[in-house]
Amino acid sequence: MSLSDRLSQERRARLAAERLLELKQAELFEANRKLSRHARSLSDQIIVKREETEVLRDENLRTKQDLEKATVAVHIAERRLWDSIETIEDGFAVFDPSDVMIAANSAYLRVFDGLEDIKPGITYPDIVRLAVEEGLIDIGESARDAFIDAALARWHAPTRDPQTIRLWNNQFVKLVDRRSSDGDMVSLGLNITSTIRYERRLKKARSKAEAANRAKSAFLANMSHEIRTPMNGMVGMADLLADTDLDEEQTLYVETIKSSGEALLNLINDILDYSKIEASKLSLHPEPFDLERCIQDVMMLLQPTAAQKGVDLIIDYDMFMPTVFMGDQGRMRQVLTNLIGNAVKFTPAGHVIVRVVGLPEENSTRQCIHVSVEDSGIGIAPDMIEHVFGEFNQVEGAHNRKFEGTGLGLAITRQLVQLMGGEIWVDSEEGVGSCFGFRLTMDVVEEEATPALPCPHGCTKPRLSIISTPMR
């Protein structure tokens, strides 16, 4: 090979080496560039992780602080709870689902003073057994085993009522046991000794009061009968004396004796009725009676008094309502006389209206009857509405009394209405008038059972009538 060929070959080899070097340098540059990007990415990730680590460290620190605060708060709440439980005089204990005592206050353990085994860790069956064997509980005539079995059966029952036990020192404890949702049993021992003793004293006092009340009622009834007999004689003799030839002054004396005797008889009758009601000896005697006729009879009885005062007596009886019912006619007449008589007494002038409406019960022969007595009298002050149904109460004060009366009429009326299974009410406006009403439910009787009502002027049976229209 010539020299020129060798030189040409070396030049080609050198050029190839230079191209290879350039290629390797390009690859190395690209590798360095990739390595730089990766290093920068790793650096960014490290920064992010470092920030996340800082956040987690702060959160962990706050969580630890919160946990410490919560732990302290729990300890404080637990201490306060047990301090509060220790201050109460009633016993308190907690048992786990296995009936093992977890905790108890001093009042609960004080009952078992002297028994070292009664402490947290003992089971409830052992507590009952020790209490019975040591005589801490007065089991009366019950056998020990039977008492223990009954106590444990109550303890394990799904629901348990409070139980009162008597201790050896004559103290009474009321056991109230409740199971929580997690199975623990909370047991309370309430000392009700003072309550038991108070109830006993109250029962004795009530028995004495009832006996005294019965004696009073019997005395009033006997005295009323004893006084009413001579009073009837006095009033009767006054009537006979009034029929004789008397001058004007003597007639005035006789009328005074008669009116005074009748007033005293009304007082005695009211006291007798009230004493019977109070002693629960007043009974009803149901029989068929005509309600409309009963109202008319009462109206006719009060018509002379109403005529003297210029008061119209009006009956508004529901024309679609039957008239014959099953009830105590005497007591119904007494109720109507009291209500209508009061209306006439407290109405200087105007009218008194008795309205009667009824509503039959579905699928029954009974009818709900509403009777109201309206007047245009003096009325009742709002603060005296409830007062009028009290015993010995009057609408007027004692210093300005214008109307006579015992104050027992409305009290007796309310008792009679309630005895017949009804209710009574009153609406009134002072200076305008009053409306007393009562509601009763009675059985309807066929009207053929009683004769038809007599009706003036040849009419059939008016349901709106004026008993008295005095001359003005």
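Mentor: Buried means under 20% relative accessible area, exposed means over 50%, and partly exposed lies in between (1.4 Å probe, protein chains only). This is a predicted model: local features need pLDDT of at least 70, side-chain atom pairs count only at pLDDT 80 or more, and totals for chains, interfaces and linings use all residues. Residues are numbered from 1 along each chain as its sequence is written, and side-chain values use heavy atoms, with hydrogens and water left out.

Trainee: How many residues apart in sequence are the parts tied together by Arg166 and Asp138?

Mentor: Arg166 forms a salt bridge with Asp138, with 4.0 Å between the closest N and O atoms. A salt bridge needs a side-chain nitrogen of Lys or Arg within 4 Å of a carboxyl oxygen of Asp or Glu. Arg166 sits in strand S4 (residues 163-167) and Asp138 in strand S3 (residues 137-138), so the parts they tie together are apart in sequence by 28 residues.

Trainee: Strands, by what rule?

Mentor: Strands (E, at least two residues) and helices (H or I, at least four) are DSSP runs, numbered from the N terminus.

Trainee: Which residues are linked with Arg355 in a network of salt bridges?

Mentor: Arg355 and Glu374 meet through their side chains in a salt bridge of 2.7 Å, N to O. That pair links distant parts of the chain, Arg355 in strand S10 and Glu374 in strand S11, 19 residues apart. Arg355 counts as partly exposed because its relative accessibility is 31%. In the network, Arg355 is linked with Glu374 and Asp316.

Trainee: Which strand holds Asp443?

Mentor: Start with its partner: the side chains of Arg366 and Asp443 meet in a salt bridge (3.4 Å, N to O). This pair links distant parts of the chain, 77 residues apart, with Arg366 in strand S11 and Asp443 in strand S13.

Trainee: How many disulfides does the structure hold?

Mentor: A disulfide is a pair of cysteine sulfur atoms within 2.5 Å. Cys294 counts as buried because its relative accessibility is 0%. Cys435 is also buried, at 18%. The count of disulfides is zero.

Trainee: Is Asn363 buried or exposed?

Mentor: Asn363 lies in the loop between strand S10 (350-360) and strand S11 (366-375). Its phi is positive, near 55 degrees, although Asn363 is not a glycine. With a relative accessible area of 83%, Asn363 is exposed.

Trainee: And Asp99, buried or exposed?

Mentor: Asp99 is another non-glycine residue with a positive phi, about 70 degrees. Its place is the loop between strand S1 (91-95) and strand S2 (101-104). Its relative accessibility is 9%, so Asp99 counts as buried.

Trainee: Which helix holds Lys208?

Mentor: Lys208 belongs to a positive surface patch with Arg197, Arg200, Arg201 and Lys204. Patches use residues with over 30% relative accessible area and no salt bridge, joining like charges within 9 Å and nonpolar side chains (Val, Leu, Ile, Met, Phe, Trp, Tyr) within 5 Å. Lys208 counts as exposed because its relative accessibility is 64%. Its helix, spanning residues 193-242, is H5.

Trainee: What accessible area do Phe219, Met223 and Ile227 have together?

Mentor: Phe219 also lies in helix H5. It is exposed, with a relative accessible area of 51%. The three residues form a nonpolar surface patch, and their accessible area together is about 270 Å².

Technical notes:
Accessible areas come from the Shrake-Rupley method with a 1.4 Å probe; for residues, only the protein chains shown count as cover. Lys and Arg count as positive and Asp and Glu as negative; His and the chain ends are not counted. The place of a charge is taken as NZ of Lys, CZ of Arg, CG of Asp or CD of Glu.
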